[in-house]
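Here are some notes for a colleague who is opening this entry without having seen it before. Please keep the sequence and the model side by side while going through the points.

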Amino acid sequence: MSSSPKHSQHSTSQNTATETNESTTHFGYKTIEKDDKISMVAGVFHSVAKQYDVMNDLMSFGIHRLWKRFTIDASGVRPGNKVLDLAGGTGDLTAKFSQLVGRNGKVVLADINSSMLNVGRDKLRDKGLVQNIDYVQANAEYLPFEENTFDIVTIAFGLRNVTDKDKALRSIYSVLKPGGRLLVLEFSKPEHELLNKAYDFYSFNILPKMGELVAKDGESYQYLAESIRMHPDQETLKNMMDNAGFEQSSYKNLTGGVVALHKGYKF
Amino acid sequence: MACKKLATNLLLPQVLHAALETIINRAFALNIRQLSLVHLEQKTLTLELSELDSPMSFTVVENKMLVNAVIDRSDCIIRTSLQTLKKLKAEQQLTTLIKQGELDVVGDIKIAQQFSALAEQLEIDWQSELAKQIGDVPTHKLLHFGNKITKKVNHTLKQLENDVGEYVVHEKRLVVTDSQVSSFNQSVNQVSSQVEKLSTRLNQLATKFSVSSDTRTDSAPNSNFK
């Protein structure tokens with residue numbers, strides 16, 4: 001209980017600064033060497049991969065499905081489009097995009113974490129979605145695709161785990177085709193103070209216990225709550241997208257700002 | 001504007017789309033005959049209903065229906081209201097509705113007709129489906145009870161209809177109108193005020209009479225003294 005205000009204060013002061021200096025970065029509330037972040041985040045996701053979908057449903061009361069539906073609706077996807085679902089995890093967005101782009105289109109499910117990618121691949125194959133999906137293990141900062149390849153790039157609940165977010169945004173920009181768009185679905189800052197407090201209490205007191213109980217890994221879910229607070233708020237992320245070269249950047253708050261969908265174009 | 005923001009915040013269109021998608025695909029799965037959706041594969045019909053802020057796009061993908069709000073890919077867009085949507089079953093009304101401005105169709109109208117035909121082909125054997133879930137005997141009893149209730153409700157409705165008809169045809173003529181009631185009330189008020197005036201006048205006369213008779217009785221002995 002008593003930890004909530006401390007976390008909240010911390011998050012407010014740090015929201016606009018995701019990287020501390022050239023060689024260090026954040027891992028939740030900890031300051032670590034940049035080189036260590038990838039392996040530490042990988043550790044978290046290797047640990048939770050198998051229970052990831054169940055935990056998502058439990059933690060968000062199923063609302064994450066609606067947030068993802070909203071992202072699909074905002075994407076303007078058409079048959080024949082090439083879509084990159086970055087940090088695609090267990091492939092919720094990929095599944096929908098795969099159906100909507102049709103046989104002439106292509107969806108690439110990319111994730112830095114092999115465990116998540118394996119769970120995603122198994123899940124999509126079980127659903128019979130095999131024809132137009134490729135799987136790539138890739139770091140968002142160094143995307144292994146040619147320039148101007150994709151019509152749409154999405155990154156849902158993944159950007160906050162990336163070590164150098166600016167570099168990742170520039171990398172995404174380069175693989176987008178002119179006219180293409182990036183959609184970032186990510187936890188953000190609630191609009192109302194009361195909701196913010198309730199959300200803090202839930203994140204720091206209930207979420208880790210839920211993680212301990214279901215996924216037998218409370219620490220990973222403590223990291224999840226901390227990483228959400230350390231992620232840039234709505235306006236900061238919009239500015240970061242502008243700086244990376246995106247045009248007409250905008251965002252929409254969902255569920256009172258608990259989550260925001262940012263959208264930007266490459267022209 | 002505030003309503004729209006609230007609906008976006010609460011993701012109400014997405015809730016509606018998810019519910020519709022589940023219901024439609026469940027209905028397809030329960031249909032007596034296997035529906036062939038091959039002719040509609042990757043075709044999209046979009047409905048823009050005036051009552052809703054968000055469009056609804058129905059796309060057929062591998063014998064399933066996806067419902068979302070992506071309109072960029074639509075083969076046919078229908079802009080109308082829920083009320084007019086019911087009238088679309090009668091094809092001959094299409095031109096009239098378009099002329100009246102109640103309906104706007106963009107794209108291939110045949111796609112809309114094919115989607116409509118799909119809905120008409122749906123035929124679900126609810127009895128068998130229910131029996132699979134709860135067993136034959138409970139299903140029979142439940143349906144028997146349901147039929148009884150339906151008959152009773154229908155009977156009550158018919159009786160109500162007859163009573164209302166009788167009231168309209170016969171009894172309504174005998175019922176006084178509002179203007180008659182108000183005229184009657186006015187007359188009652190007039191009579192009441194006249195009665196009040198008369199009563200005041202009678203009281204005055206009674207007072208006068210008693211005063212004059214008192215004067216007369218007082219003056220009689222005086223004259224004797226004189």
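1. The accessible surface of chain A comes to about 11300 Å², and carbon and sulfur atoms account for 52% of that surface. Please bear in mind, here and in every point below, that this is a predicted model. Of the 267 residues in chain A, 61% are buried.

2. As to its secondary structure, chain A has 10 helices and nine strands. When the contacts in chain A between residues at least 6 apart in sequence are considered, 70% of them join residues that are at least 24 apart.

3. The interface between the two chains deserves a careful look, and a reader may begin with its extent. The size of an interface is often given as the accessible area lost when the parts come together. For chain A and chain B the buried area is about 1800 Å², with 53% of it given by carbon and sulfur atoms. Of the area that chain A buries against chain B, A:Arg69, A:Asp73 and A:Gln99 supply 32%, which is more than any other three residues. In terms of contacts, 24 residues of chain A meet 19 residues of chain B.

4. The polar side of this interface can be described by counts and by one named pair. Between chain A and chain B there are two salt bridges, and six residue pairs are in polar contact, both residues being at pLDDT 80 or more. One of the salt bridges joins B:Glu21 to A:Arg69, with the closest N and O atoms 3.1 Å apart.

5. Which elements of chain A give two or more residues to the side that touches chain B? They are helix 4 (63–75), helix 5 (92–101) and strand 8 (247–254) of chain A. Helix 4 gives the most to this side, with seven residues. Sorted by class, the side of chain A that touches chain B has nine nonpolar, eight polar and seven charged residues.

6. A:Phe61, which is found in the loop between helix 3 (52–60) and helix 4 of chain A, has a positive phi of about 55 degrees although it is not a glycine. A:Gln248, placed in strand 8 of chain A, likewise is not a glycine and has a positive phi of about 50 degrees. Is A:Phe61 buried or exposed? With a relative accessible area of 64%, A:Phe61 is exposed, and A:Gln248, at 55%, is exposed as well.

7. A further site in chain A is A:Asp164, located in the loop between strand 6 (150–156) and helix 7 (165–175). A:Asp164 has a relative accessibility of 16%, and therefore counts as buried, the cut-off for buried being under 20%. A polar atom of the side chain of A:Asp164 lies 3.2 Å from the backbone nitrogen of A:Lys167.

8. In chain B, attention may turn to B:Met65, whose place is in strand 3 (residues 64–68) and which is buried, with a relative accessible area of 4%. Leaving aside neighbours within four places in sequence, B:Met65 is in contact with several residues, among them B:Glu21, B:Phe28, B:Phe58, B:Phe115 and B:Leu118. B:Glu21 is also the residue that forms the salt bridge with A:Arg69. B:Asp108 is 43 residues from B:Met65 along the chain, and the C-alpha atoms of the two are separated by 19 Å.

Conventions:
Residues numbered from 1 in each chain as written. Chains lettered and ligands numbered in written order. Heavy atoms only, no water. Contact = heavy atoms within 4.5 Å. Buried area = accessible area lost by both parts, 1.4 Å probe. Salt bridge = Lys/Arg side-chain N within 4 Å of Asp/Glu carboxyl O. Polar contact = N/O pair within 3.5 Å; in protein donor to acceptor, adjacent residues only side chain to side chain. Helix = DSSP H or I, 4+ residues; strand = E, 2+ residues; numbered from the N terminus. Nonpolar A, V, L, I, M, F, W, Y, C, P; charged D, E, K, R; others polar. Buried < 20%, exposed > 50% of the residue type's maximum accessible area, 1.4 Å probe, protein only. Areas by Shrake-Rupley, 256 points an atom, 1.4 Å probe, with all protein chains shown as cover.
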